[in-house]
Amino acid sequence: MKQRTSTLLAVAALTAAFAAHAQQPAKKTAPPAKAAAPAKSAITEEFEKFREVLEEDNPAELFEAKGEDIWKNRKGPDGGSMAQCDLGLGAGVVKGAYVQMPRWFADAGQVMDAERRVVHCMMKYLGYKEADIRKQPFSNVNKTPDHVSVITYVAAQSRNMKIAAPQKHPKEKEAYNVGKEIFAFRGGPYDFSCATCHGADGMRIRTQDLPNLRKPDQAIRAYQGWPGYRMTGGFMLTQQWRMNDCFRQQRFPEPSYLSDSVTALLAYMTVTANGQVYKGPGIKR
Amino acid sequence: MDALRRTLLKGAGATGAIAAAMAAGVLRPSQVLAADINRAAFEAKDIAGALKAAGATNVADSTAIAIKAPDIAENGAVVPIEISSSLPNTVSLSVLVDKNPFPLTSSFEFANGAVPEMSLRVKMGQTAMVEALARTADGKHFIAKKEVKVTVGGCGG
Amino acid sequence: MADPMKIRAQMKGDVADIRVLMSHAMETGQRKDGAGNTVPAHFIQSITVDVGGKRVLQGQTGPAVSRNPVFGFKVKGAKAGDKVVINWVDNKGDKRTDEATIG
């Protein structure tokens, strides 16, 4: 019962946010075209041939190295370090932690996705200020924020491991359910939902095939894409960025950085991908 | 090392351009030593100019040079290219993109066991021919080409 | 201060397979920033590779090499344990040298 209430609250919050946008002229856009055949398009096959080459030497590793350096060597003003950071498997344990988030963190009284947890630790132990992080939460061509490098390192430490986001704590289940609901929630000037593009097989936007995030073997594609090295611009972008950008592309109001709704969406996507093997960090168009 | 150095300073225009740049105060001598290369070829705005500045004349087409590159690049900012030469005594390989503002992207000299084979990633502003230029120890030049379609340009933003 | 390179060097048969990732903006000099000002060209223009104390590769590069460059090449006659020393210099005189050992 309680769970249902908070689901409704989250949806209500989004609905309220839309009201503010309702006066925007509603441009009609066709939903993404269905690929002609269920088979992969020739263009996708051509991209995939070279994807392996690109993945083999992924510049994400440069950011991973920077993140590792911060994790292992950076000291906070009070002498704190990331060795004190518990990503869910105990203080300082990085190996395998990424694929087991989002999870409930009692010390924070919240379900946190990996990015949220890393930022939490960097503020708590290394003295990073929330206001500074919020000033530029995502990378751009001029700067990749430290927390993005650390997230890249943490993600890389789960490479080739099975995704196993927990669903034991009631709040973890709640996050999944809220995420599932937001995923399917239609609105905005385009009357879009996440599911419009990511809720069925064989969808694509221009040359890009879109994964059906309701299926484990496709949810993994989105999951391991980010954090990813973005070829356009040449910098690292994270899951939080990807979710924000989906809101933007749907002409929804964008959630503030590290908001509950994004953690919920990530919980839904990650739990859907449970059991799949993580091969990230990614390299994306 | 001598062979490498000779090659690099080969083009007659090269030393002239560097001297001019130094005179103009653009390059400090230390940079010239560090770079030690013919930059004029990199500033040429078309293939013919780049080849000329690189000292490549009478360039013959060759099937002994292989170019591995996508038919369609997913992103022009990062186009993976692999070039190799089975021409005996290949001493250098260069990669050019004909429609780029400056076609010469890079040039590599091989010595002491390095195989004439190179993989790298280049920017392509639009659909263009990727050209691989090989030079053999006897100073001859050979070239091969492959078209790469670009869906999103890689220059600028 | 430039960030370290990431070098991988592995024997595959009698040939050393060497790959390097470099952290560099590789600005073309054609890009405009948010304020509409042209971002000056800034790119690696010279690369050298020594294996076991011998110069095996000398590269010259321009701004059309992708941001955060990746290079792969092969060296015959190298052996496990040989030291690989890679150096780059850019058009502003910034430089970086990193080492790895062939595995």
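In the predicted model, B:F108 stands opposite C:G59, a residue of strand 4 of chain C. Strand 4 of chain C covers residues 54-61 and runs antiparallel to strand 6 of chain B, to which five bridges join it.

The contact between chains B and C involves 36 residues of chain B and 29 residues of chain C. On the side of chain B that touches chain C, at least two residues are supplied by each of helix 3 (29-35), strand 6 (104-110) and strand 7 (114-122) of chain B. Strand 7 of chain B provides the largest share of this side, with eight residues. By class, the side of chain B that touches chain C consists of 21 nonpolar, ten polar and five charged residues.

Chain C is also in contact with chain A, through ten residues of chain C and seven residues of chain A. Strand 2 (15-21) and strand 5 (70-76) of chain C each contribute at least two residues to the side that touches chain A. Three nonpolar, three polar and four charged residues make up this side of chain C.

Within chain A, helix 4 (residues 114-126) has 13 residues and reaches 17 Å from its first C-alpha to its last, which is close to the 18 Å expected at 1.5 Å a residue. Helix 4 of chain A is mostly covered, with ten of its 13 residues buried. Among the buried residues are A:A114, A:R116, A:V119, A:C121 and A:L126. Just after helix 4 of chain A, A:G127 adopts a positive phi of about 80 degrees.

Helix 6 of chain A (residues 146-156) also meets helix 3 of chain A (residues 60-73); the axes of these two helices come within 7 Å and cross at roughly 100 degrees. Helix 3 of chain A is therefore roughly perpendicular to helix 6 of chain A, since angles of 65 to 115 degrees count as roughly perpendicular. Residues of helix 3 of chain A in this contact include A:F63, A:E64, A:I70 and A:W71, while those of helix 6 of chain A include A:D146, A:V148, A:I151 and A:Y153. By class, the contact of helix 3 with helix 6 of chain A comprises nine nonpolar, three polar and four charged residues.

Notes:
Residues numbered from 1 in each chain as written. Chains lettered and ligands numbered in written order. Predicted model: local features only at pLDDT ≥ 70, side-chain atom pairs only at ≥ 80, totals over all residues. Axes fitted to C-alpha atoms, helices over the stretch in contact; angles between N-to-C directions. Helix = DSSP H or I, 4+ residues; strand = E, 2+ residues; numbered from the N terminus. Parallel < 35°, antiparallel > 145°, perpendicular 65-115°, else oblique. Contact = placed C-beta atoms within 7 Å. Nonpolar A, V, L, I, M, F, W, Y, C, P; charged D, E, K, R; others polar. Pairing = 2+ DSSP bridges. Expected span 1.5 Å × (residues − 1). Buried ≥ 20, exposed ≤ 12 C-beta atoms within 10 Å, placed from the backbone.
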